[in-house]
Amino acid sequence: MDKIIVKMKKEVREKVVEICNSFNNQPGELINVLHKTQDFLGYLPAEVQELIAECLHIPTAKVYGVVSFYAFFTMTPKGKYPVSVCLGTACYVRGAEKILDAFKKELNLEVGQTSEDGLFSLNCLRCVGACGLAPVAMVGDKVYGRLTPADVKGIVDEYRNLEANA
Amino acid sequence: MDTVKLTIDNRAIEVPKGTTILKAAQSIGIDIPTLCHFELDGLDVHNRPGGCRICVVEVEKRRNLAPACVTECMEGMLVRTNSIRVINARKTVLELILSDHPADCLQCAKSGNCELQDLAIRFGIRENPFIGAGHEMSQYQVEVSPSIIRDMNKCVMCRRCETMCNEMQTVGALSAIERGFPAVVSTAFNQHLELSPCTFCGQCVAVCPVGALTEVDHTPKIIRAIADPNKKTVVQVAPAVRVALGEEFGMEPGSIVTGKLTAALKALGFDYVFDTDWSADLTIMEEGTELIGRLTKYLGGDKSVPLPILTSCCPAWVNFFEHQFPEMKNLPSTAKSPQQMFGAIAKSYFAEKINCKREDMVCVSVMPCLAKKYECSRDEFKVNGNPDVDYSISTRELARLIKMANIDFASLPDEKFDSPLGESTGAAVIFGATGGVIEAAVRTAYEVITKKPLPKIDFEELRGLEGVRSATIDVDGLKLNIGIAHGLHNARKLLEDIKAGKCQFHAIEIMACPGGCIDGAGQPLHHGNSDIVKARWEAIYRADREMPIRKSHENPSIQAIYKEFLGEPCGHKSHELLHTHYFDKQTTVEVDLGK
Amino acid sequence: MAKYKMHVLICGGTGCKSSNSSDIVENFQKILAEKNLQDEVQVIKTGCFGFCEKGPIVKIMPDNTFYTQVKPEDVRNIVEEHIIKGRKVPGLLYVNPENKEHVSDSKHMGFYKKQLRIALRNCGFINPENIEEYIARDGYQALASVLEQNDPEATIELIKKSGLRGRGGAGFPTGMKWSLCRPNKADQKYMICNADEGDPGAFMDRSILEGDPHSIIEAMAIGGFCIDATKGLVYIRAEYPLAIHRLQVAIEQAREYGLLGKDIMGSGFDFDIELRYGAGAFVCGEETALIHSMEGKRGEPTFKPPFPAVEGYLGKPSNVNNVETLANIPVIINKGWEWFSSIGTEKSKGTKVFALAGQINNVGLIEVPMGTTLREVIYEIGGGIKGGKKFKAVQTGGPSGGCLTEKFLDTPIDYENLVAAGSMMGSGGMIVMDETSCMVSVAKFYLDFTVEESCGKCSPCRIGNKRLCEILDKITKGNGTMQDLDELKNLAKVIKDTALCGLGQTSPNPVLSTIDNFWDEYVAHVVDKKCPAGQCKALKQYVIDPEKCKGCTACARNCPVNAIHGTVKNPHEIDQSACIKCGTCYEKCKFNAISIK
Amino acid sequence: MSKVKSLADLKAMREKLQSTLDVREKAENPESIVQIKVAMATCGIAAGAKQVMEHMMAKAEELKIAAVFTQTGCMGYCHAEPTLEVRMPGKDPIVFGHVDNNKADEILTKYVMNGELVEGIIPVNYETIDK
């Protein structure tokens with residue numbers, strides 16, 4: 001059987017190697033390396049995990065075992081405007097599920113999906129700590145609080161317009 | 001030694017400090033059920049995740065139940081292993097495990113030899129409240145590779161395979177992935193085993209308590225081949241098979257069943273029943289000559305000679321260095337393994353002899369090994385797409401064939417292997433145990449180099465079950481440094497030392513499985529009973545002692561084939577038929593220059 | 001050094017930042033500069049004030065005036081009226097919900113009256129990014145005196161006597177934990193801070209890290225000195241960018257001031273802190289899982305013993321303390337164990353921070369002495385139930401805790417009492433529920449969480465919690481049987497009895513406590529196929545009252561599945577078999593003719 | 001910035017820094033210290049209230065009087081500006097009118113420090129917003 005060669009872009013490879021080097025290629029720094037890499041790329045595709053495994057001298061299966069264990073790491077790219085609906089307890093008892101349903105309907109996405117045009121992705125998260133504003137959703141870093149399902153369309157349109165006028 | 005006193009089920013006992021409740025209970029005959037727990041004493045194999053929770057017991061003053069497999073005995077402990085609370089908890093946990101496990105026992109390869117099935121029987125599980133509408137079951141793709149079938153729907157997350165793959169073998173093909181209910185043991189990105197660094201050593205299969213990891217079953221193909229009047233079936237049997245097969249038929253572990261085995265294969269209808277031991281002797285001729293050749297050059301001042309020479313009989317080990325140490329692929333002997341040497345000779349020399357076309361010959365091997373299935377499927381061992389060895393079956397598969405053919409194995413009269421590829425020496429038998437290949441090589445090398453007879457044929461210093469061993473053999477003044485490793489984590493240690501220039505060995509024997517082929521992944525399952533492995537080990541050396549000839553170069557049939565067909569060891573014909581080359585299989589990430 | 005006559009404190013916690021508190025800070029700076037007051041009035045971005053319900057919060061000192069729900073555009077008014085003319089801006093003051101009076105001083109607000117802030121002492125008071133403000137508040141005094149005294153055993157003894165217990169959940173005595181780690185010799189030991197706050201709805205650790213990061217650094221150095229560790233590690237959620245930033249700034253400053261690093265304050269003691277990031281796994285709050293995660297592995301717990309005190313991070317002796325626990329340490333040392341142990345109940349000393357949320361008027365972060373009753377917390381601090389609805393239950397302890405009913409309202413809160421009541425302290429989440437919350441659904445909500453967060457290592461948690469959740473789902477869908485309830489009870493008990501780690505062992509608590517306290521509600525779902533709280537969609541029935549229906553057809557026209565039939569001006573009817581219970585008709589009916597049964 | 005080298009070092013640093021938080025610290029517990037409110041509406045400012053307040057703050061510090069100074073709106077005594085209210089711990093507030101620097105000193109030294117009454121008291125009968 002032939003050698004398996006995985007290909008990736010030069011700048012990605014260089015950046016990932018640089019990140020690994022910055023942690024002295026220590027296997028114990030895997031999670032820090034994954035964080036930095038995801039900060040840079042937005043997600044952790046398979047080939048990047050192969051490269052990290054190679055740099056840190058750990059099996060790729062172990063890298064994938066870690067990536068798939070932690071909710072924060074993702075193998076699918078997020079949308080340009082990632083929508084996250086808080087499903088923490090405080091938001092839940094104030095109707096977060098309905099907000100989530102409204103986003104699903106408005107974006108025509110299920111949780112964990114990214115829209116085909118790459119603009120929106122929908123995710124849930126547990127408590128952003130803005131419980132006083134419950135229920136809460138975030139688009140990127142911006143927090144929208146005290147939401148009702150009726151607000152959802154307006155929020156999505158805000159970004160659609162942004163895109164249309166760009 | 002410090003001891004602690006405790007009471008288990010109203011029986012007072014005293015055990016060494018550090019003993020687990022499980023071991024303490026076992027010592028007084030109380031059999032606490034377990035599932036994930038797995039140990040092979042003396043072979044450095046441990047899997048103690050404390051995860052299945054089948055072994056829970058009640059410990060007085062403790063809030064919850066304690067897992068007996070990892071809880072250490074403490075002074076004054078009061079343990080109940082069979083209270084209603086305990087039994088209810090174990091049964092409920094078992095029902096939970098069974099609720100995420102397909103109930104296809106009748107068709108399962110592990111049926112009758114499954115630790116989960118045993119538990120279900122023991123607890124008399126008749127119905128399960130957690131199966132049915134609204135209760136989800138795991139859904140994974142069943143994956144078939146040349147050696148191993150992975151059906152993770154049956155996985156109980158005991159993590160034994162993960163432990164073997166990572167700690168024992170340091171292969172790293174498997175890891176727990178995902179979390180919670182979807183958590184399972186798998187390869188990176190759930191990719192095919194062949195795309196992973198898997199060596200097909202099969203130790204994962206050897207320890208799997210259920211049918212999640214099993215060997216690819218070639219028995220139907222073999223039955224078809226035997227039944228085909230146009231095919232000549234030739235079978236070879238590896239050394240370690242003869243000291244283990246008896247276990248499948250209720251015989252004592254360590255019984256040597258060479259004669260019955262031969263009789264059974266003949267009864268099954270194989271046209272020619274030969275012995276891999278024969279080609280093991282041939283291997284020694286080739287590998288020994290290669291060793292002597294390299295040594296002579298080295299001692300003659302050529303420091304570019306690749307040393308130490310590493311054995312190459314173990315296909316899992318070959319896969320291991322191709323994946324993990326490709327930069328060292330010039331070190332191993334280029335000699336093919338005995339299985340492949342046999343196939344190459346059978347389909348050339350022997351086929352010619354009986355006037356059989358290559359395509360009409362079906363060459364079968366019975367191996368204690370699952371990597372052999374992969375090995376015989378490698379392209380370099382095929383001629384125009386036709387493999388030298390068509391099918392490799394495990395000791396367990398052979399046992400199934402024998403049972404299927406209602407052959408009463410234990411009462412079979414002994415028979416002898418056929419000629420000419422059936423004659424062998426004691427040096428070949430010991431291939432089955434760690435250290436055996438190198439001992440066999442030394443027996444021959446000594447006499448070839450010194451041209452003097454060996455003063456003592458048994459090299460006790462090369463035997464044993466320690467993971468890494470070394471010895472210096474005095475070959476008439478030439479100090480030959482020998483290293484031995486079994487279990488790939490030990491192999492890795494040695495290789496890293498070589499890389500770092502930390503050791504000065506001339507020759508190293510490496511076997512992937514702990515103990516060597518006697519504990520190969522194709523052998524009858526020992527379920528963690530290391531006494532079985534030790535009995536096989538002793539039997540191997542007993543078989544050696546019982547052989548009239550104990551040095552490979554003295555095998556008359558080997559001498560004959562060199563004279564008649566091959567010429568000389570490592571000669572032109574040998575290179576063509578008996579030697580191979582290795583590949584760099586390490587996955588690398590390169591820059592995409594395409595766009 | 002400039003001396004300011006007035007200080008404007010603006011909450012820069014995550015909650016208030018989410019509602020533009022950064023713009024408020026900017027506006028203050030801009031407008032004050034415009035009025036040439038920048039040297040008289042200091043603008044400080046602080047940590048969380050706790051009263052998140054009313055955020056963003058602006059506090060003017062020394063008048064001690066507490067402005068709530070301030071918008072960036074209100075700033076001009078505050079500057080011109082209050083700061084220049086000394087007139088408080090009534091529209092932004094807190095209104096006492098009982099007598100509708102304006103309250104300007106937070107001391108007179110119900111929300112703060114019963115509180116005693118020890119762990120939160122500096123939150124909302126100092127600028128967390130300025131070490132000097134911390135030092136001015138006795139910061140690093142405790143560390144200095146511990147180092148000067150140079151008797152770690154005595155310090156451990158002091159912490160033991162104070163009665164401080166772990167605030168992360170289980171309540172293990174902190175001094176005891178330190179004393180178990182101290183004797184274990186190794187070339188390297190670790191003092192670890194658990195800041196992986198994973199309980200959905202609890203955010204006290206984040207608030208402390210955001211509002212008073214130096215107190216954690218100081219406490220870790222003290223702990224490090226006591227257990228003989230020279231390395232500190234903070235395991236912090238990656239989802240807490242602001243807390244991470246503040247902590248990094250604080251660590252940098254502490255190093256600059258020689259309060260971290262080599263030979264701290266000439267004592268010969270070396271100590272430094274590094275950050276490790278969590279990646280979204282609740283189970284990593286469990287200390288062995290946390291340690292594995294810090295080692296770059298899957299966050300799976302392992303059986304104890306060996307305890308981290310013997311074999312922890314990288315196999316070295318390690319001590320893990322929670323953020324809130326640590327925040328208490330410097331104060332205890334400064335004020336003495338006698339002072340601390342005089343607060344609280346017999347076995348639970350000091351205070352506890354709770355994240356008060358749910359159907360309650362004053363959502364926020366509060367700190368009360370142990371022994372305060374749930375009633376005081378919910379009604380006096382929390383201001384009672386939102387919308388005047390009826391109190392039904394309060395859930396404490398997050399996914400590991402339980403739901404308590406009215407009969408527990410007068411129970412003094414401490415570790416033992418909460419456990420006895422079938423719940424637990426946990427990290428301090430406190431969710432108040434009114435009569436519209438279905439308790440079966442609440443139990444299912446928590447189980448959904450545990451199922452998602454289970455590491456999958458042990459079978460009771462991996463499969464058992466999934467099965468619990470499925471049975472609960474069955475019940476909320478109206479398909480449950482009495483036998484299911486039996487299975488539910490047995491399974492919950494077995495999981496509690498057999499799971500490997502704290503997460504699994506406590507995960508059935510929401511089920512067990514709701515079964516204990518709301519058995520009738522379960523039976524109603526199973527036998528009567530009714531959800532008394534009206535939350536379970538499948539058990540809801542929308543019914544048109546023919547008396548009230550005017551036949552306007554609004555419902556029929558808007559029904560997405562055409563399940564409503566009728567003719568104009570005649571009463572309509574809902575085909576229950578076709579109805580998907582979306583609630584559209586209910587919202588569209590102008591005559592209140594549609595009711596939920 | 002110099003490193004902290006000892007407990008004494010740290011204490012000295014704290015002493016120096018503590019005053020920066022005075023405004024906040026005192027505001028947290030106004031009941032236990034002297035509270036002085038200066039009427040700072042247009043009329044007060046016109047009459048020099050700002051200058052008097054600054055003078056008084058400096059004087060209080062000089063005399064080591066723990067006092068909290070706040071501004072307030074018009075107290076309704078425009079005829080007597082600058083006016084200020086002094087509330088001693090546990091006592092009713094007293095309002096002084098026509099306060100200049102000298103009067104301010106007198107209030108501090110006589111009334112605040114020794115409890116002696118000073119001329120210029122305005123009979124109290126007012127409401128402020130912060131009850």
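**Chain contacts, domains and a sheet**

Between chain B and chain C, 29 residues of chain B are in contact with 29 residues of chain C; contact here means that the C-beta atoms of two residues, placed from the backbone, lie within 7 Å. On the side of chain B that touches chain C, the largest share, 7 residues, is from helix H2 (residues 84-99) of chain B. Helices (H or I, at least four residues) and strands (E, at least two) are DSSP runs, numbered from the N terminus. That side of chain B has 16 nonpolar, 9 polar and 4 charged residues. The classes are these: Ala, Val, Leu, Ile, Met, Phe, Trp, Tyr, Cys and Pro are nonpolar, Asp, Glu, Lys and Arg are charged, and the others, Gly among them, are polar.

Before going on, the conventions. This is a predicted model, in which local features need pLDDT of at least 70 and side-chain atom pairs count only at pLDDT 80 or more, while totals for chains, interfaces and linings use all residues. Residues are numbered from 1 along each chain as its sequence is written, and chains are lettered from A and ligands numbered from 1 in the order in which they are written.

Which of the 4 touching pairs of chains has the most contacts? That is the pair of chains A and C. Chain C puts 33 residues into this contact and chain A 30 residues. On the chain C side, helix H1 (14-18), strand S11 (351-358) and strand S15 (429-434) each supply at least two residues. By class, the side of chain C that touches chain A has 13 nonpolar, 15 polar and 5 charged residues.

Two pairs without contact: chain A and chain D do not touch, with their nearest C-alpha atoms 25 Å apart. Chain B and chain D have no contact either, and their closest C-alpha atoms lie 46 Å apart.

Next, domains, whose bounds come from an automatic or database domain assignment. Chain A is divided into domain 1 (10-69) and domain 2 (81-164), and the centres of these domains, taken over C-alpha atoms, are separated by 30 Å. Chain B has domain 1 (3-82), domain 2 (105-215) and domain 3 (230-578). The C-alpha centres of domain 2 and domain 3 of chain B lie 30 Å apart. Their contact takes 19 residues from domain 2 of chain B and 23 residues from domain 3 of chain B. On the domain 2 side, helix H4 (160-168) and helix H5 (203-207) of chain B are the elements that give two or more residues; H5(B) gives the most, with 3 residues.

Last, the sheet in chain C. Strand S1 (residues 6-11) of chain C runs parallel to S2(C), and 6 bridges join them. C:Val8 has C:Val43 in S2(C) as its bridge partner.

Key: Pairing = 2+ DSSP bridges.
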